[in-house]
Amino acid sequence: MAQTVQAAQIAEDHDVIVVGGGNAALCAAISAREEGASVLMLERAPEDERGGNSSFTEGLMRFVYSGRDDIVALSPDLTPDELASDFGWYTEEGFFDDMARVTQNRTDPDLCELLVKQSNATLHWMRRQGVRFLPQFGRQAFKVDGKFTFWGGATLAAVGGGRGLVDQLYRAAEKAGVKVLYNAWARELLHSDRGIEGIVVNVDGVTRRFVSRAIVLACGGFEANAAWRARHLGPGWDLAKVRGSRYNCGDGLEMAMRIGAQTAGHWSGCHAVGWERYADDFGSFDTMDDYERDNYPFSIMVNADGRRFLDEGADIRNYTYAKYGRIILQQPGQFAWQIFDSSVTHLLRPEYRAKRVTKVVANTIEELADKLDDVNRDALLATIREYNASITRDVPFNPNVKDGRRTQALAIPKSNWAVALENPPFEAYAVTCGVTFTFGGLKVTTDAQVLDTGNRPMPGLFTAGEMLGGLFYFNYPGATGLTSGAVFGRIAGRSAARAATNAKPQTRVA
Ligand SMILES: Cc1cc2nc3c(=O)[nH]c(=O)nc-3n(C[C@H](O)[C@H](O)[C@H](O)COP(=O)(O)OP(=O)(O)OC[C@H]3O[C@@H](n4cnc5c(N)ncnc54)[C@H](O)[C@@H]3O)c2cc1C
């Protein structure tokens, strides 16, 4: 456990205060310590819920690598069988192209370049802090001719997933001498004409002030705030399920904007996925693995009208899942059913077999149509008939690549993995929209320093993680959030430590 201290024991004055307790905050805190700054970290959550959205992740991190040797350098304990895998590669150009393509060329080129170019070095830095990584056999690779073949990009995950990542980083922070306060709800930035002066924090219900010359805000987006979601993302977003932490309510964004920070990025955009229809309203560590429904590329998805409404096979999951939650939210009743033929159900991830799943099994298409709650029966039967008749059957189905097995002449095509629904038993899974994190953030320099609305750097104010605006628009290449938090967290911590040192009053000799 990181060094947990009672509020009363904490010195009032710290070189750097980091707000937040997830991946970005931890990387910032460790990095600031490396520069010799004294660091206080404020985590709003209690200790047993620490780590924000980062602790709800699979710990998967997208980064540039050139082949097996790069993987082994970060994950040296692989068995000979594992080493025989085809790890592929992921170039800087590939990462940059993925970011540009999925964001419709809106990603901030300077920030994106830093993200891409520092991704590999940052994972090595994390490894030096004690974070261990393993390839994601099975989840980011299928077996081809008996050998795991990775798609590239999102190949490594922290050992122990998100909770493992967070625990390893807290251990590193403790070792480095970072002070951590839990139940520490940051409320207001203190500033003067000179810049940041400190912060007002509610610690265990008691309001306190901490003095500091530099603050890193790494306290997440506003995904857990239903009113803000409706206000910024649009009508209906208050009805989405929150996949992760209940504590990311936009506090950091609000505090910074109140003192003149400039906003950046896609404020009406977010990462949102298809998620168990009757999931809890917020993420919880008990159910975090049960609600994902990411095998839709092998399904057809239908809405309450019995109609398909998107191209389930437009691309591999990593490049479509983050934008499909929005489209599901826009359907009548904010739900859909994923329907699978029995020939592909062996490909479904384990969460489809979890306890908390809304599932229907049927031996005929007619029985399925009778059993699907809230769906127009006749329209559904027509949709399935039309879909089955439209498939280019001479192209073999191959789950490992975009196989080009597509539909012909449908108003909404299915571009890959078009498998006819004709082999019972059929399985159907009900999904709604689960929001992951919001894209809107603060405008920063390449030193992660926040700019004000006049485009001037705000002395002593830095940000990282979900709060950093300008990287993601419309969509997101899977596993980039943790990498972004680590790359910019590290930069923000370093910049904040240097700013604090420069702002220290000089000792004068009389
Ligand atoms: C279910 C799920 C799976 C995901 N899987 C992946 C994945 O495998 N790979 C990947 O790259 N990304 C993944 N993501 C996205 C990833 O979680 C985020 O991009 C990343 O964790 C954001 O890190 P962060 O440090 O900015 O925010 P967080 O980790 O959310 O941390 C924010 C912190 O701020 C604290 N906080 C909030 N308000 C205050 C306040 N006022 N005062 C003090 N503290 C405050 C919170 O308690 C929390 O500790 C996933 C997200 C979810 C929800």
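This is a predicted model: local features need pLDDT of at least 70, side-chain atom pairs count only at pLDDT 80 or more; totals for chains, interfaces and linings use all residues.
Biologist: How far is an N or O atom in the side chain of Asn-248 from an oxygen atom of the ligand?

Modeller: Backbone atoms also face ligand oxygen: a backbone N or O atom of Gly-51 lies 3.4 Å from an oxygen atom of the ligand, and a polar backbone atom of Glu-58 is 3.3 Å from one. For Asn-248, the atom belongs to the side chain, and its separation from a ligand oxygen atom is 2.7 Å.

Biologist: What percentage of the area that the ligand exposes when taken alone does the protein bury?

Modeller: Taken alone, the ligand exposes 1,000 Å². Of that area, the protein buries 97%.

Biologist: How is helix H5 oriented relative to helix H12?

Modeller: The axes of H5 (residues 109-128) and H12 (residues 481-503) come within 8 Å and cross at roughly 85°. Because angles of 65 to 115 degrees count as roughly perpendicular, the orientation of H5 relative to H12 is roughly perpendicular.

Biologist: Which residues of H12 make the contact with H5?

Modeller: By class, the contact of H5 with H12 has ten nonpolar, five polar and two charged residues. H5 contributes residues including Leu-111, Gln-118, Trp-125 and Arg-128. From H12 come Thr-483, Ser-484, Ala-486, Val-487, Phe-488, Arg-490 and Ile-491.

Biologist: Which residue is joined to Pro-425 by a cis peptide bond?

Modeller: Pro-425 lies in the loop between helix H11 (377-389) and E18. Omega of the cis bond is about -5°, and the residue joined to Pro-425 is Pro-424.

Biologist: What is the phi value of Asp-204?

Modeller: Asp-204 lies in the loop between strand E10 (195-203) and strand E11 (206-217). Its phi is positive, in a residue other than glycine, and is near 50°.

Conventions
Residues are numbered from 1 along each chain as its sequence is written. Side-chain values use heavy atoms; hydrogens and water are left out. Axes are lines fitted to C-alpha atoms, for helices over the stretch in contact, and angles run from 0 to 180 degrees between N-to-C directions. Helices (H or I, at least four residues) and strands (E, at least two) are DSSP runs, numbered from the N terminus. Angles under 35 degrees count as roughly parallel, over 145 as roughly antiparallel, 65 to 115 as roughly perpendicular and the rest as oblique. Contact means heavy atoms within 4.5 Å. Ala, Val, Leu, Ile, Met, Phe, Trp, Tyr, Cys and Pro count as nonpolar, Asp, Glu, Lys and Arg as charged, and the others, Gly among them, as polar. A polar contact is a pair of N or O atoms within 3.5 Å; within protein, one must be able to donate a hydrogen and the other to accept it, and residues adjacent in sequence count only if both atoms are side-chain atoms. Accessible areas come from the Shrake-Rupley method with a 1.4 Å probe; for residues, only the protein chains shown count as cover.
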